[in-house]
There are 2 protein chains.
Amino acid sequence: MVNPPIVMTNAGIDALYSFQALDEHGDYRDIALTGERPLTIYLDKREIVTLMTMGAQPELLTLGYLRNQGLVAEIEDVIAVQVDWGVEAVAVTTRQQVSNIDAKLAKRTVTSGCGQGTMFGDVMASLAQLSVTCPSFSSDVIYQVLSGLQDYNQMYKTAGAVHGCALCSMDGKVDIFVEDVGRHNAVDAISGWMWLEKVSGKNKVFYTTGRLTSEMVIKVAQMAVPLLLSRSGATEMGLQIAQQTGIGLVARAKGKHFLVFNGFEYFLK
Amino acid sequence: MVNPPIVMTNAGIDALYSFQALDEHGDYRDIALTGERPLTIYLDKREIVTLMTMGAQPELLTLGYLRNQGLVAEIEDVIAVQVDWGVEAVAVTTRQQVSNIDAKLAKRTVTSGCGQGTMFGDVMASLAQLSVTCPSFSSDVIYQVLSGLQDYNQMYKTAGAVHGCALCSMDGKVDIFVEDVGRHNAVDAISGWMWLEKVSGKNKVFYTTGRLTSEMVIKVAQMAVPLLLSRSGATEMGLQIAQQTGIGLVARAKGKHFLVFNGFEYFLK
């Protein structure tokens, strides 16, 4: 945990709405809908961005977003993270005013999370510094992680329209599981948690229900997690970035099946 | 078709890569991977954004992006759209230099396509002007559209890691089908096609494999398409926007099943 502690709200909300839809026969069916609301981030009173979020972990999402965009360098710089849903905003106060924020905000890369995510700055240029060492892993490791996750994914099972991400140990213990309407929010919230709790990515496994596009793999590399597991597929650029950074990439992991996309030499069959 | 015609490249690329992965038994398996590459949009020599795209419809994607972000008002303003993959860029030339582009770029909303898409300007504020009239529709209409789409979704079936979107007639005829690594790109490309071909959204059905978050429903409202069909679920805010704009919303449409989320009074069982 960061010291001195950060002043933080605990404003996570239960984002499930009940609703009656009509099925194909014209009969009413009880449906659970995932909530989605805007959250505007203010960094030292400067408006940064509006994220659309389910709202379960707004403080962690904010911290992870600022970390992953390189807008705050050290967690110790953060004094307070205060969410106020009444004005749909979160105010972040830091010890030193961010000096080069305009330069960082000037260059936007809209990436393919949904086709159009946002990454500021020259993240792509700094890939070489993100190399990790993939640990050896067997199919048992993969099955343990998938098994440990079975009790999670609640919102997905109930309401759908969300993505889930988790940070796990190699033995399948789940450190944190986050769902959000977008998979990038879920990743950012986990990154925020690791930053706050000073948890290293070493020997961890990152799990996502979402597709392994370039930005997803970059974010996991930024967290220094050496093994990345997805229920979905990967793009060719996602694979390239895994190859460049050394991340073990396992896709289409579901039930007893999976495909190793990168890290063949670390896979013990 | 717009007149005078726009000078356009035809730089769509085949974005399928073959690759050998290891399956859970340690055996090699031939895999097709979807390509993903950056495309930086320059509008009258001003850098706007970098999109990550599969690259199948770069010109339509560019037009639709500029339209949906409100950065170019009329298709007749566009003189040329020229893609050069060698420099991963597309140059758009317009008749009149965009005067208020800085103001439009200043306000970013990062939306929940992937959790963090991007919408410029005050799109949210102009929702009231986007109201449409939903046509009557029966389960036969839904089944016809789903049936008409069966031959598409090729990249998804082959390589995964993509989303597909389509514009269809009520009788199931597919006007255009676009796949991309992100669902927002696929929507934007269809919007670009409608703009270029001067096709109205009236009596059309929009289909997407992706989730119906707020931004998706807004984009379909911007295209004035009155009926929106998704293979996936919806968020509560996606539903709210459909209710505000009058869009008929049909979710979880797959095989013989679907759920009507909005437009109950237009659904003929």
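## Reading the model

Modeller: Let's begin with a hairpin. The one made by β6(A) and β7(A) has four residues between its strands, and E88(A) there takes a positive phi near 50°. Keep in mind that this is a predicted model.

Biologist: How many bridges join β6(A) to β7(A), and do the strands run parallel or antiparallel?

Modeller: Six bridges join them, and they run antiparallel. To see one pair of residues, look at V78(A), which stands opposite T94(A) in β7(A). On its way through the sheet, β6(A) (residues 78–84) also pairs with β1(A) (residues 7–8), this time in parallel and through two bridges. There, V7(A) stands opposite A80(A).

Biologist: What is the order of the strands in that open sheet?

Modeller: Five strands line up as β1-β6-β7-β4-β5 in chain A, and the pairing is mixed. β1 and β5 of chain A are the edges with a single partner strand each, so one side of each has no neighbour in the sheet. At the β5(A) end, β4(A) (residues 37–43) pairs with β5(A) in the antiparallel sense over seven bridges. P38(A) has M52(A) in β5(A) as its bridge partner.

Biologist: And how should I think about side chains along a strand?

Modeller: As a general idea, side chains in a regular strand alternate between the two faces of the sheet.

Biologist: Which strands form the open sheet of eight?

Modeller: Follow the order β12(A)-β11(A)-β13(A)-β14(A)-β15(A)-β16(A)-β2(B)-β3(B), again with mixed pairing. The edge strands, β12 (174–180) of chain A and β3 (28–34) of chain B, each pair on one side only. From one strand to the next, the twist averages 25°.

Biologist: Now the domains. Where does the domain assignment put them in chain A?

Modeller: Domain 1 covers 7–122 and domain 2 covers 129–268. Their contact takes 26 residues from domain 1 of chain A and 26 residues from domain 2 of chain A. On the domain 1 side, β3 (28–34), β5 (46–53) and α1 (58–68) of chain A each supply at least two residues. α1(A) gives the most, with eight residues. By class, that side of domain 1 has 14 nonpolar, ten polar and two charged residues.

Biologist: How do α1(A) and α5(A) cross?

Modeller: For two helices, look at how close their axes come and at what angle. The axes of α1(A) and α5(A) (residues 183–197) come within 6 Å and cross at roughly 90°. That is why α1(A) counts as roughly perpendicular to α5(A). Residues that meet here include L60(A), L61(A) and Y65(A) in α1(A), with I190(A), W193(A) and L196(A) among those in α5(A). The residues of this contact divide into nine nonpolar, six polar and two charged.

Biologist: Last one: what does chain A average in pLDDT?

Modeller: Chain A averages 87, and 86% of the residues score at least 70. For the model as a whole, the scores are ipTM 0.82 and pTM 0.86.

Biologist: Where in chain A does pLDDT stay under 50?

Modeller: Over residues 109–121, for which the model has 74 contacts beyond four places in sequence. Where pLDDT is low, the predicted coordinates should not be read in detail.

How values were computed:
Residues numbered from 1 in each chain as written. Chains lettered and ligands numbered in written order. Predicted model: local features only at pLDDT ≥ 70, side-chain atom pairs only at ≥ 80, totals over all residues. Domains from an automatic or database assignment. Contact = placed C-beta atoms within 7 Å. Nonpolar A, V, L, I, M, F, W, Y, C, P; charged D, E, K, R; others polar. pLDDT = per-residue confidence, 0-100. Axes fitted to C-alpha atoms, helices over the stretch in contact; angles between N-to-C directions. Parallel < 35°, antiparallel > 145°, perpendicular 65-115°, else oblique. Pairing = 2+ DSSP bridges.
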